Amino acid sequence: MQGRDRNMILETRNFGEIMIEEDKILTFNEGIPGFDDLTKYIIIHSPDESMPFQWLQSIEEGELAFVIINPFTFKTDYDFKIPEHIVKKLDIKSPKDINVFNIVNIPEDINKMTANLQAPIIINRKNNRAKQVILDNPEYRTKHYIIDEIKTAFQPKDNKKETVTEEAR
């Protein structure tokens with residue numbers, strides 16, 4: 001069956017039984033800090049496209065899934081240099097080949113939702129290698145409050161126009 005996608009069934013706590021494509025499995029050779037033994041994950045996209053969140057689901061432990069977000073959807077000035085040894089380890093040939101995500105913490109009080117900007121997850125889309133990278137940049141914190149930025153970034157465009165129009169009157 002060469003050339004055909006191979007699928008597998010994964011039992012998860014949050015999503016129940018799901019079908020995943022084996023060629024979409026990400027490999028974190030060193031695991032994720034705190035979960036060093038778990039190296040295989042898949043990204044589960046939100047069925048609601050208006051939601052900026054996705055899930056990084058462990059293949060080896062169905063109980064483990066991290067909420068993740070593309071940081072550029074709410075923080076357009078997020079900028080960092082991937083250390084050269086990570087570029088080599090992930091075999092990154094071009095910046096166009098990567099996706100960047102941050103792990104999100106959603107506490108009971110949703111207004112205190114944070115993203116870990118100090119440790120982005122870098123994924124090479126060409127080979128599905130991934131790594132959580134710890135940045136040496138004091139500007140980025142492990143608990144960056146994001147709810148206000150998300151609300152602003154995902155405010156319907158019509159509301160923004162109305163606000164400008166009303167202020168112009």
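Colleague: How many salt bridges does a search of the whole structure find?

Modeller: This is a predicted model, in which local features need pLDDT of at least 70, side-chain atom pairs count only at pLDDT 80 or more, and totals for chains, interfaces and linings use all residues. Residues are numbered from 1 along each chain as its sequence is written, and side-chain values use heavy atoms, with hydrogens and water left out. A salt bridge is taken as a side-chain nitrogen of Lys or Arg within 4 Å of a carboxyl oxygen of Asp or Glu. By that criterion, the number found in the whole structure is six.

Colleague: What is the average pLDDT of the protein?

Modeller: pLDDT is the predictor's confidence in each residue, from 0 to 100. It stays under 50 over residues 159-169, where the model has three contacts (heavy atoms within 4.5 Å) beyond four places in sequence. Of the residues, 89% score at least 70, and the protein's average is 89.

Colleague: Which residue in strand 2 does Met-8 stand opposite?

Modeller: Strands are DSSP runs (E, at least two residues), numbered from the N terminus, as are helices (H or I, at least four). Two strands pair if DSSP finds at least two bridges between them; strand 1 (residues 7-12) and strand 2 (residues 16-21) do so in the antiparallel sense over six bridges. A hairpin of three residues joins strand 1 to strand 2. The residue opposite Met-8 is Ile-20.

Colleague: With which residue do the side chains of Glu-63 form a salt bridge?

Modeller: The N to O distance in this pair is 4.0 Å, and the partner of Glu-63 is Arg-13. The two lie 50 residues apart, Glu-63 in the loop between strand 5 (53-58) and strand 6 (65-69), and its partner in the loop between strand 1 and strand 2.

Colleague: Is Lys-131 buried or exposed?

Modeller: Lys-131 forms a salt bridge with Glu-30, the closest N and O atoms being 2.7 Å apart. Because Lys-131 lies in strand 10 (residues 129-132) and Glu-30 in the loop between strand 3 and strand 4, this pair ties together parts that are 101 residues apart in sequence. With a relative accessible area of 16%, Lys-131 is buried.

Colleague: Which residues are linked with Glu-30 in a network of salt bridges?

Modeller: Glu-30 also meets Lys-89 in a salt bridge, at 2.5 Å from N to O. Glu-30 has a relative accessible area of 40% and Lys-89 one of 37%, so each is partly exposed. The residues linked with Glu-30 in the network are Lys-89 and Lys-131.

Technical notes
Buried means under 20% relative accessible area, exposed over 50%, partly exposed in between (1.4 Å probe, protein chains only).
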